[in-house]
Amino acid sequence: MDRLTQDALRIWQAGVDAVRADRVLRDSLRWNNKQLDIQDQRIDLSNAKRLIIVGAGKAAGGMLEGFLSVIKQEPIETVGWINVPEGSIPESLSIATEDHGIPTTVCGIRICEARPQGVNEPTPKVLAGTQEILRYVEQAGPQDAVIFLLSGGGSALLCAPHAWLSLETKVAITRALSSRGASIEELNAVRRALSQVKGGGLARRCSAGHLVTLVISDVLGDPLEMIGSGPTVLEPPRDPILAARLLQRYAPGEFTEVVSKLLEMEFRDAQ
């Protein structure tokens, strides 16, 4: 290998290392006497008895690695659940990996490899993991702090459709809109309307004293409502009418029962 190629590879590797999720969190966070500094913002967690760490995304494992390394100097109880793709658990966290699909447990936090690599769609394991995440945030108390780790790929790794919507139909809708020219903004508008967790759904279900969201963005401009469809972002609110219109535009006549349910949702919300 010639010198020029070696230099190019070193430059490339330096760029990759600079945006590693664990490194980004270590460089961005400080934890001192239960004061969490996030860049130039300080959050007082001195009353927190427990950290409930939940999350989803392709980089969520690395984010967990970085966060645990920041808080390790002041032991505090940690529990939680994160959904990640298969093969994305950092080596330093994978020592406890178990066989037969049982999630890894690190510092009380379950790490679930919830979907295959390269398959950016929710699976039954994603649904089960999302229910665990919601259970943790719903059962949190006023002396708990929820730390939510979110990165690119979070939409497919955090999925809780309404009870009247099956996973198969949810996936079919996403495929239809994605293949027929719907923009990411339109796709997320439909996701928010069809989900119990997206569009601020996780925040609305959280009963902890503090909810802190740490985000690594893969969306141009970093609009928080777009990353993972904004599980902790309350604006814009879900819009069932808009979602119904988008389904009728991109998949006319294909999801009539879903359109009817969305119109019913709008009617109930208006009452």
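This is a predicted model: local features need pLDDT of at least 70, side-chain atom pairs count only at pLDDT 80 or more; totals for chains, interfaces and linings use all residues.

Biologist: Which helix does Leu 247 lie in, and what does Leu 247 touch?

Modeller: Leu 247 lies in helix α9, residues 240-250. Helices here are DSSP runs of H or I with at least four residues, strands are runs of E with at least two, and both are numbered from the N terminus. Not counting residues up to four places away in sequence, Leu 247 touches Ile 173, Leu 177, Pro 252, Phe 255, Val 258, Val 259 and Leu 262. Contact means heavy atoms within 4.5 Å.

Biologist: Ok, helix packing next. How do α6 and α7 cross?

Modeller: The axes of α6 (residues 167-179) and α7 (residues 184-194) come within 10 Å and cross at roughly 165°. That makes α6 roughly antiparallel to α7. Angles under 35 degrees count as roughly parallel, over 145 as roughly antiparallel, 65 to 115 as roughly perpendicular and the rest as oblique. Axes are lines fitted to C-alpha atoms, for helices over the stretch in contact, and angles run from 0 to 180 degrees between N-to-C directions.

Biologist: And which residues make that contact?

Modeller: On α6, Lys 170, Ile 173, Thr 174, Leu 177 and Ser 178; on α7, Leu 187, Val 190, Arg 191 and Leu 194. By class, the contact of α6 with α7 has five nonpolar, two polar and two charged residues. Ala, Val, Leu, Ile, Met, Phe, Trp, Tyr, Cys and Pro count as nonpolar, Asp, Glu, Lys and Arg as charged, and the others, Gly among them, as polar.

Biologist: What about α7 and α9, at what angle do they pack?

Modeller: α7 and α9 pack at about 125°, and their axes are 8 Å apart. That makes α7 oblique to α9. The contact includes Ala 189 and Ala 193 of α7 and Ala 243 and Leu 246 of α9. It has eight nonpolar, no polar and two charged residues.

Biologist: Switching to sheets. What is the strand order in the six-stranded one?

Modeller: That open sheet runs β6-β7-β5-β4-β8-β9, with mixed pairing. Strands pair if DSSP finds at least two bridges between them. The edge strands are β6 (104-106) and β9 (210-216), each pairing on one side only. Seven bridges join β4 (residues 50-56) to β8 (residues 144-151), which run parallel, and Gly 55 stands opposite Leu 149 in β8.

Biologist: Which helix lies across β4, β5, β7 and β8?

Modeller: Helix α4 (residues 124-138), running at about 155° to β5.

Biologist: And what is the order of the three-stranded sheet?

Modeller: The order is β1-β2-β3, in an open sheet with antiparallel pairing. Helix α2 (residues 21-28) lies across β1 and β2, at about 55° to β1.

Methods: Residues are numbered from 1 along each chain as its sequence is written. Side-chain values use heavy atoms; hydrogens and water are left out.
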